[in-house]
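Here is a short briefing to read alongside the structure. Have the sequence and the 3D view open, and let's walk through a few spots together.

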Amino acid sequence: MSTAETNTTYAAEPPVRLEWARHAPEVYKAMVRLDSAARKGLDARLYELVKIRASQLNHCAFCLDMHTKDALAAGESVERIVQLGAWEESRHFYTEKELAAIELTDAVTVLTDGFVPDEVYERAAKQFEEPELAQLIAAIAVINAWNRFGVTCRMTPGHYTPGQHG
């Protein structure tokens, strides 16, 4: 660390509101099993991109910390992770399959219109065989559930080590 970094005072870390996993251990265990089942058959890097993107949209700092670290550990590049927040302007960083997954993640995560547009679903259906598409939809649903626990309980980012929960 440089001298300038050691003299920097950061904002205080907010306290966790509720250690929900400790108070609802059966729910936590079920979520871990669901997450494990949802990831089966999906490319690890694609899986992490989906998790990061949903967590960006849901403002879940804990999950952003976790899945960014896991993506890097899975071989994802910093550049592609950084550009994910502006993927529509950075399409050239991703494959058509990844773009379809990211676009589907946006649509499933932000249901403000009350539905996933047919054209978004159809683009994903062209890129993924039905079993893989079913797994992708499950992975998107699961990260959205995790995000709701993380945001509501104010789980604190910054302490996760890659692979710690996997």
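Predicted model: local features only at pLDDT ≥ 70, side-chain atom pairs only at ≥ 80, totals over all residues.

**Helix 5**
- Helix 5 has 13 residues, and its first and last C-alpha lie 18 Å apart, close to the 18 Å expected at 1.5 Å a residue.
- The buried residues in helix 5 are Phe62, Cys63, Asp65, Met66, His67, Asp70 and Ala71.
- After helix 5 comes Gly75, which has a positive phi near 100°.

**His67**
- His67 belongs to helix 5 (residues 61-73).
- With a relative accessible area of 4%, His67 is buried, because buried means under 20%.
- Setting aside residues up to four places away in sequence, His67 touches Glu48, Lys51, Ile52 and Ile143.

**Lys51**
- Lys51 sits in helix 4 (residues 44-58).
- Lys51 has 1% relative accessibility, so Lys51 counts as buried.
- Apart from neighbours within four places in sequence, Lys51 is in contact with Asp35, His67, Val142, Ile143 and Trp146.
- Ile143 is therefore among the contacts of Lys51 and is also touched by His67.

**A nonpolar surface patch**
- On the surface, Leu72, Val78 and Val82 form a nonpolar patch with about 270 Å² of accessible area together.
- Val82 is part of helix 6 (residues 78-83).
- Val82 is exposed, as its relative accessible area is 55%, and the cut-off for exposed is over 50%.

Methods:
Residues numbered from 1 in each chain as written. Heavy atoms only, no water. Helix = DSSP H or I, 4+ residues; strand = E, 2+ residues; numbered from the N terminus. Buried < 20%, exposed > 50% of the residue type's maximum accessible area, 1.4 Å probe, protein only. Contact = heavy atoms within 4.5 Å. Patch = residues over 30% accessible without salt bridge, like charges linked within 9 Å, V, L, I, M, F, W, Y side chains within 5 Å. Areas by Shrake-Rupley, 256 points an atom, 1.4 Å probe, with all protein chains shown as cover. Salt bridge = Lys/Arg side-chain N within 4 Å of Asp/Glu carboxyl O. Expected span 1.5 Å × (residues − 1).
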